[in-house]
Each structure stands twice: as C-alpha cells, then as structure tokens.
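Hi everyone, thanks for coming. Let me put the structure up, and then we can walk through it together.

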Amino acid sequence: MEPESRTPRRVLVAKPRGYCAGVDRAVVAVEKALEQYGAPIYVRKQIVHNTHVVKTLEARGAVFVEETDEVPEGEIVVFSAHGVSPAVHGEAEERGLRTIDATCPLVTKVHNEAKRFANQDYDILLIGHEGHEEVEGTSGEAPDHIQLVDGLDSVGQVRVKDPAKLVWLSQTTLSVDETTETVARLKERFPSLIDPPSDDICYATQNRQVAVKEIAALAQLVIVVGSDNSSNSKRLVEVAKENGADAAHLVDNASFIEDEWLEGVTTVGLTSGASVPEELVDEVLAHLAARGFGEVEQVESVQESMRFALPHELRKDLRAPVR
Ligand code: 2E6
Ligand code: F3S
C-alpha cells in the first residue's frame, strides 16, 4: 500500500455555493448606508447569519441591536434580510427611526402570500423552524391565521378551523426533501390542503442543495462553511449526510477543521451557505492544500444569475426631515 502522504487527495467544490442575491443586496445595503450617511448605522438583528460578515460590518461602523428600542430616536436602522413583522415596522415608525428594509424580496413574497390567504380567511400552516427570525416575521403578518409546523413530529398537533380552507407556506431555507415529506404527511391528515402558488423554498436554497448532493455522492467528508445560526447552511450538512457523505461538518472558518476528520479521506467535498463570503472558502482551500489536498475541482450543478435591486430607501435621501 502507498503511504498516506502519497495517496492522491482532492477537493470537490460545489457550485453554486456562497452568497445568494438576497444576501449580496442586504450586505451592500449596509455598506452603502455607511458610505452615504456615515457611522453609526444601526442594524436590527444580524444582517445575515454569518459571524464574519457581522464582524466586518461592525468594524466599519454598523451597530447591531436586537430590537428597535435600542436605536436612538431619529437614527437610521436597517432591517435584516430575514424580514420583520408589521409590528416591528410600527415600532420603528413610532420612534421616528429612518428605516432601510433589506428583507430579501423572496421573503417578502412569502409575507405577501400569507397576507393574501389570511385575508381570504384561510388557515395557514407555515412549515419552518421555531424561533427563526424569518418565521417570526412571516407569522407576524397574520398571527391569528398562521400556525407553525416545525418537523414531522408536529404534524399531529395541527388544529384547523375548516380543512377545506387550508394552505401551507414555508420558510425559504428548508430542506427540500424534508419539506416534501412534511407536506405529504400533512396531506394524509388534510387531503384538501393546497400548495403555495409558487415555491417558497428559494432558488438559492434549492440550488445549493442540488449541488451538495452531487459532491456528497463522491466524497467521504463534506465541509460546509457557515455559521451555526444559519438555517440554509445547516440544511446543507444534513443533505450531504443523507446523500452519500460518511461525515459532514459545519465550520465558521478554516480554524474549526479538525485534522482527525481528514484521516483516511481521499476526497473532501466543500460548499458554503448563502450568507458566506467566498474568502472563507478560499481559506479552507488553503488549509486543505497545506494538508495534502492540493487538487481542486469545481463541480457545477446549476448556473445562477439572479440579482436584486437595492432597497428603494437607498435611492432617496434619508437625511431629509421626516414628514
Ligand atoms: C434571509 C432569508 C433567507 O438562517 P438563514 O439561512 O435563513 O439565513 P442566512 O442569513 O444564513 O442566509 C441567507 C438568508 C437570508 N436566507
Ligand atoms: Fe433570499 Fe433565499 Fe438568499 S430567501 S436571502 S435568496 S437564501
């Protein structure tokens, strides 16, 4: 047998990976606000769920707060990509804050679906993860009509007013396969349950899952770069494990990789969540190259070209007095 140091070792890098159009728009919105109005710019919650992005923006003068009541009156506050409920918009208005709404347009689309079905008096089953900011924002659009379905186990607890007027919607960053299973289970209980008018799991979530499946089938170990509060990044780890990888780990950056994960491994799969800057992937590649994984191959599953316009508030002067 060849000594391990001479065994060919390669990295398969999934494409697409990393920043989606909604994250790019939200991060650029904070950067532009800092350029246009100067520090401090307040941001409610993490603009996207990535530690490195948050630290970098903090160093440039962004101030991250949990709630709008921490923002001094009259100041500018950016709402994160995950969206906010109408109540949060109301609180900001009451405090005279100038707001920049960086909610991803694909999250806004789900809010609009929720409002429309609630106005028609439907019960809405929102499939998503309890406590996630996106779920809190969407639920806040119609709290009396929306109930959360968090995983297969909660299907049995669903109670509805009229099973003939029932629709499901979802968080944008779920596992496609797991959601399909949850919907099937819900339809066993409620055969007249209707589907959303279009996919709520967004294009970026879906594409990154398709791409990680392709590399997971060829790799013993899959490394997903992403922070541990990032729903879409965590789903990539699960999808990798369910689709052929012996092991899959979420790491915030290269320093979290443990040498023992690499023992006996010849092919490492690498991908990153939708909130992850590419420089963190480059650092992981350098870390792996230093450990003998010098051969790098990009595996492209889907081409992406989505772009979103910046929030409209950045196109007007927020310094003008509020009327
Ligand atoms: C907004 C909506 C969806 O935790 P999650 O995956 O939702 O969030 P991020 O910030 O990791 O990813 C981008 C995003 C923003 N996804
Ligand atoms: Fe939007 Fe999907 Fe990204 S909802 S922020 S495009 S992960």
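Which atom of ligand 1 lies 2.7 Å from a backbone N or O atom of Ser231? An oxygen atom of ligand 1 does, and that is a polar contact, meaning a pair of N or O atoms within 3.5 Å. The protein covers 96% of the 370 Å² of accessible area that ligand 1 has on its own, by the Shrake-Rupley method with a 1.4 Å probe.

A word on the model: it is predicted, with local features needing pLDDT of at least 70 and side-chain atom pairs pLDDT 80 or more, while totals for chains, interfaces and linings use all residues. Residues are numbered from 1 along each chain as written, chains are lettered from A and ligands numbered from 1 in written order, and side-chain values use heavy atoms, without hydrogens and water.

Back to the ligand. Polar side-chain atoms also reach its oxygen atoms: one of Ser230 at 2.6 Å and one of His82 at 2.9 Å.

Where does ligand 1 sit? You'll find ligand 1 in the largest cavity, with more than half of its atoms within 2 Å of the grid points. A cavity here is a set of points on a 1 Å grid over the protein atoms alone where a 1.4 Å probe fits but cannot get out, and lining residues have an atom within 4 Å of a point.

That cavity has a volume of about 310 Å³, the space filled by probe spheres set on the points. Among its 24 lining residues, Cys20, Val23, His82, Thr172 and Thr173 are closest to the centre.

Note on methods:
Polar contact = N/O pair within 3.5 Å; in protein donor to acceptor, adjacent residues only side chain to side chain. 1 Å grid on protein atoms, 1.4 Å probe; cavity = no way out; pocket = protein on both sides within 12 Å on 5 of 7 lines; lining within 4 Å.
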